Amino acid sequence: ERLFDAIEAGAVAATDIPPVRRSLLLKSPDPAIKARAEKLFGSEATPAARREVIARYRAALDSPASPDAGRAVFTRECANCHRLGGAGSDVGPALITVRARTPAEILEHILDPNREVSPHYIEYVVLQVDGVIKTGAIAAETPTSITLRQPQAKQETVLRSEIETVTSSGKSLMPEGLDQKVSMEEMRDLIEYVRTAAQ
């Protein structure tokens with residue numbers, strides 16, 4: 001409730017709330033919380049909405065691209081989870097596999113990351129008994145703990161005695177919404193850089 005109040009007061013921007021937390025609030029079993037979340041965040045993006053974004057961005061692929069400019073976009077937006085050209089972190093899948101894909105296919109995977117998700121990269125949500133939420137892919141499990149793999153190659157171990165629930169978000173570690181941070185021209189350059197560096 002305090003978070004909702006802060007958003008309504010303008011002290012916190014709704015866009016600053018991570019997608020997984022927005023999703024949890026939008027799916028809350030408490031009708032009052034769910035209704036207030038829908039008022040502040042809107043409903044979750046639908047596959048149709050993703051298709052519209054992909055169609056809009058696809059038009060930019062026909063223009064000349066700059067891999068050098070794309071490297072800067074990769075460093076800014078992708079290197080926390082992907083390694084390419086000797087830079088970045090080994091959190092997400094190896095990008096060398098994209099060399100067999102067309103620019104349009106790469107675009108679809110970037111803008112709709114939940115279309116195909118390997119079980120190794122599914123995001124899990126750990127709710128601790130103290131109310132703290134932690135997210136990441138499960139890197140390791142023991143009878144007493146779970147270790148989460150997170151951006152920037154970080155790993156965090158949570159004791160099972162401190163966990164209330166562990167649930168799969170059913171989504172990729174890679175969040176949707178990169179189109180809100182990357183312009184169509186930047187996306188074109190990013191895809192060219194990824195294709196070039198993966199050769």
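Reader: Is Asp-90 buried or exposed?
Author: This is a predicted model. The cut-off for exposed is over 50% relative accessible area. Asp-90 has 54% relative accessibility, so Asp-90 counts as exposed.

Reader: Which residue does Asp-90 meet in a salt bridge?
Author: The contact runs from N to O, at 3.2 Å.

Reader: How many residues apart are Arg-50 and Asp-179?
Author: Arg-50 and Asp-179 form a salt bridge, with the closest N and O atoms 3.2 Å apart. Arg-50 sits in helix H4, and Asp-179 in the loop between strand S7 and helix H7. Both residues are buried. The pair links distant parts of the chain, 129 residues apart.

Reader: Which helix holds Glu-108, the salt-bridge partner of Arg-58?
Author: The closest N and O atoms of Arg-58 and Glu-108 are 3.0 Å apart. Arg-58 is partly exposed at 33%, and Glu-108 is partly exposed at 22%. Arg-58 belongs to helix H4, 50 residues away from Glu-108. Glu-108 lies in helix H6.

Reader: Why does Ile-122 count as buried?
Author: Ile-122 is found in strand S3. Its contacts beyond four places in sequence include Val-117, Gly-136 and Ser-168. Buried means under 20% relative accessible area. Ile-122 is buried because its value is 19%.

Technical notes. Residues are numbered from 1 along each chain as its sequence is written. This is a predicted model: local features need pLDDT of at least 70, side-chain atom pairs count only at pLDDT 80 or more; totals for chains, interfaces and linings use all residues. Side-chain values use heavy atoms; hydrogens and water are left out. Helices (H or I, at least four residues) and strands (E, at least two) are DSSP runs, numbered from the N terminus. Buried means under 20% relative accessible area, exposed over 50%, partly exposed in between (1.4 Å probe, protein chains only). Contact means heavy atoms within 4.5 Å. A salt bridge is a side-chain nitrogen of Lys or Arg within 4 Å of a carboxyl oxygen of Asp or Glu.
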